[in-house]
Amino acid sequence: MTSPTAEHARTISLVTGGNRGIGREVCRQLAALGHTVLLTSRSPASAEAAARQLARDGSSVHPLQLDVRDPDSVGAAAREVAKDFGRLDMLVNNAAIMYDTWQRAPPPISPPSPRPPRPVSTAPGAPHRPSCLLRQSPHARIVNVSSEAASLAGLGGGTPAYTITKAGLNALTLMLAAELRGDRILVNAVCPGRVATDMGGPGGRPVPEGAAGIVWAATLPHDGPTGGFYRDGLPIPW
């Protein structure tokens, strides 16, 4: 990944899981706003293919390999961003896998499963790892893509791995907002709603609508809110 010197003056935005669905649309919308967008994916080939697709649509982004579950991959990506740009202005923590609709929460006492479900969604610890790069920015933002399904105010049954992981991400959002407040880094969680992606399935809202709320949080003004949970720019209960 290389970048012209002029791009150092632009907003540097990194989107995890940017190769498809909501993540790719967030990349497109941020690029349309003039950001230097780092589109990341676990697979370098997937990142490059998504970048080519966006280029055909008139959006220029930089592909970058990043697996949020792999500390070595996170470290390598952070070093590459530091080398090429020296800072990171916005982190959109979007990467997620699998919606475990076939699972139910286990009873309090149960035998261990011989085939435990694969971990889903973003690793709760991943969003804080690039914080050193974010501290180099005068207007850093972190957006954790969450789900209203994880709201304790209306928590129900089903999809236990997905729901619990997103609830953990919400808790981390509050912790990071408190810890990074002194560095003027705004940290918020956003629910895009049920979106017509591979995971959301048919019948969901259009992908650009779901992505718009994420872009709103990523581009908040300096005096914008932090430590909040939003959908379409409006607060929702934790």
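Author: Let's start at the end of a helix: α1 is followed by Gly 34, whose phi is positive, near 95 degrees. Keep in mind that this is a predicted model.

Reader: Thanks! How many residues does α1 have, and what distance does it reach from its first C-alpha to its last?

Author: Helix α1 has twelve residues and reaches 17 Å between those two atoms, close to the 16 Å expected at 1.5 Å a residue.

Reader: Which residues of α1 are buried?

Author: First, the general idea. An α-helix has 3.6 residues a turn, so residues three or four places apart point the same way. In this helix, the buried residues are Ile 22, Gly 23, Glu 25, Val 26, Cys 27, Gln 29, Leu 30 and Ala 31.

Reader: And what covers the buried residues of α1?

Author: The cover includes the strands β1, β2 (36–41) and β4 (90–93), together with the helices α2 (44–56) and α6.

Reader: Where is Thr 16 placed? Is Thr 16 buried or exposed?

Author: Look in the loop between β1 (12–15) and α1 (21–32), where Thr 16 sits. A residue counts as buried when its relative accessible area is under 20%. Thr 16 has 2% relative accessibility, so it is buried.

Reader: What does the side chain of Thr 16 reach?

Author: It reaches the backbone nitrogen of Asn 94 at 2.8 Å. A polar atom of the Thr 16 side chain also lies 2.8 Å from the backbone nitrogen of Ala 95. Leaving aside residues up to four places away in sequence, Thr 16 touches several others, including Thr 40, Leu 66, Val 68 and Leu 91.

Reader: How many aromatic pairs are there?

Author: Rings pair if their centres lie within 6.5 Å, and planes over 60 degrees apart count as edge-to-face. By this rule there are two aromatic pairs. In one of them, Trp 216 and Tyr 230 have ring centres 5.1 Å apart and planes at 65 degrees, so the pair is edge-to-face. Trp 216 belongs to helix α6 (residues 207–218) and Tyr 230 to strand β7 (residues 229–231), so the pair ties together parts 14 residues apart in sequence. Trp 216 is partly exposed, at 30% relative accessibility, whereas Tyr 230 is buried, at 10%.

Reader: Where does pLDDT stay under 50?

Author: That happens over residues 108–128, for which the model has 35 contacts beyond four places in sequence. Where pLDDT is low, the predicted coordinates should not be read in detail. For the protein chain, the average pLDDT is 84, and 78% of the residues score at least 70.

Methods: Residues are numbered from 1 along each chain as its sequence is written. This is a predicted model: local features need pLDDT of at least 70, side-chain atom pairs count only at pLDDT 80 or more; totals for chains, interfaces and linings use all residues. Side-chain values use heavy atoms; hydrogens and water are left out. Rings of Phe, Tyr and Trp (its six-membered ring) pair if their centres lie within 6.5 Å; planes under 30 degrees apart count as stacked, over 60 as edge-to-face and the rest as tilted. Helices (H or I, at least four residues) and strands (E, at least two) are DSSP runs, numbered from the N terminus. Buried means under 20% relative accessible area, exposed over 50%, partly exposed in between (1.4 Å probe, protein chains only). A polar contact is a pair of N or O atoms within 3.5 Å; within protein, one must be able to donate a hydrogen and the other to accept it, and residues adjacent in sequence count only if both atoms are side-chain atoms. Contact means heavy atoms within 4.5 Å. The expected span of a helix is 1.5 Å times one less than its number of residues. pLDDT is the predictor's confidence in each residue, from 0 to 100.
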